[in-house]
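Student: I have not looked at this structure before. Could we go through its main features one at a time?

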Amino acid sequence: MPPFSGTFSYKNDNLYRRLIGDGVHMVMERLDPNIAKIRFEVQHPVAEDTQAEAPIIYQPIQIPEGVTLIVADSAIPAARIGNDFFIVTWIGNYLVLRGGNVLFRIFNQQSQEIQLAE
């Protein structure tokens, strides 16, 4: 089993950001309780004369060449909005590939909350 890399929740606005190489970050961002987008960005260079406390600034970029997103169980390409981002839902399982190599597996945890009746 591949190493665990983190979780993403459709219940809050927390971003999931992960470096995929060459200074490029993959970002998952919730759009609504059922849908998220996967976009890409680079860290904006910080001038050498700035203080160490300067905030990190990320600049959006188009989907990097060679990066694809497929539905894991069928190898069908996932929804793509132009060259800007991919769309995913909490229902599906996905693979993020670069040059045909798997970078990330995004799997639905398929869990249910059970509550006792009062």
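**Rings, core and sheet**

Tutor: F8 and Y10 are both buried. Keep in mind that this is a predicted model.

Student: How many aromatic pairs are there?

Tutor: Ring centres have to lie within 6.5 Å for a pair to count. By this rule the number of aromatic pairs is 2.

Student: Which kind of aromatic pair do F8 and Y10 form?

Tutor: The ring centres of F8 and Y10 are 5.1 Å apart, and their planes stand at 85°. Planes over 60 degrees apart count as edge-to-face. The F8 and Y10 pair is therefore edge-to-face.

Student: What is the centre-to-centre distance between F40 and F86?

Tutor: F40 and F86 form an edge-to-face pair, with 80° between the planes. Their centres are separated by 6.4 Å.

Student: How many residues apart in sequence are the parts that the pair of F40 and F86 ties together?

Tutor: Both F40 and F86 are buried. F40 belongs to strand β3 and F86 to strand β7, so the pair ties together parts whose separation in sequence is 46 residues.

Student: How many residues does the largest nonpolar core have?

Tutor: The residues with the most contacts inside this core include M26, M28, F40 and V88. Elements giving two or more residues to the core include β1 (16-21), β2 (24-30), β3 (35-43) and β7 (85-89). M28 touches, among others, F8, Y10, I38 and V88, leaving aside residues up to four places away in sequence. The size of the largest nonpolar core is 20 residues.

Student: Which strands stand at the edges of the open sheet of 3 strands?

Tutor: The order in this sheet is β5-β8-β9, with antiparallel pairing. Each edge strand has a single partner strand, so one side of it is left without a neighbour in the sheet. From one strand to the next, the twist averages 25°. The edge strands are β5 and β9.

Student: Which residue in β9 is the bridge partner of L97?

Tutor: Strands of a sheet pair through backbone hydrogen bonds. β8 and β9 pair in the antiparallel sense over 5 bridges. The bridge partner of L97 in β9 is V102.

Definitions and conventions. Residues numbered from 1 in each chain as written. Predicted model: local features only at pLDDT ≥ 70, side-chain atom pairs only at ≥ 80, totals over all residues. Heavy atoms only, no water. Core = buried A, V, L, I, M, F, W, Y, C linked by side-chain atoms within 4.5 Å. Buried < 20%, exposed > 50% of the residue type's maximum accessible area, 1.4 Å probe, protein only. Helix = DSSP H or I, 4+ residues; strand = E, 2+ residues; numbered from the N terminus. Contact = heavy atoms within 4.5 Å. Pairing = 2+ DSSP bridges. Axes fitted to C-alpha atoms, helices over the stretch in contact; angles between N-to-C directions. Phe/Tyr/Trp six-rings, centres within 6.5 Å; stacked < 30°, edge-to-face > 60°.
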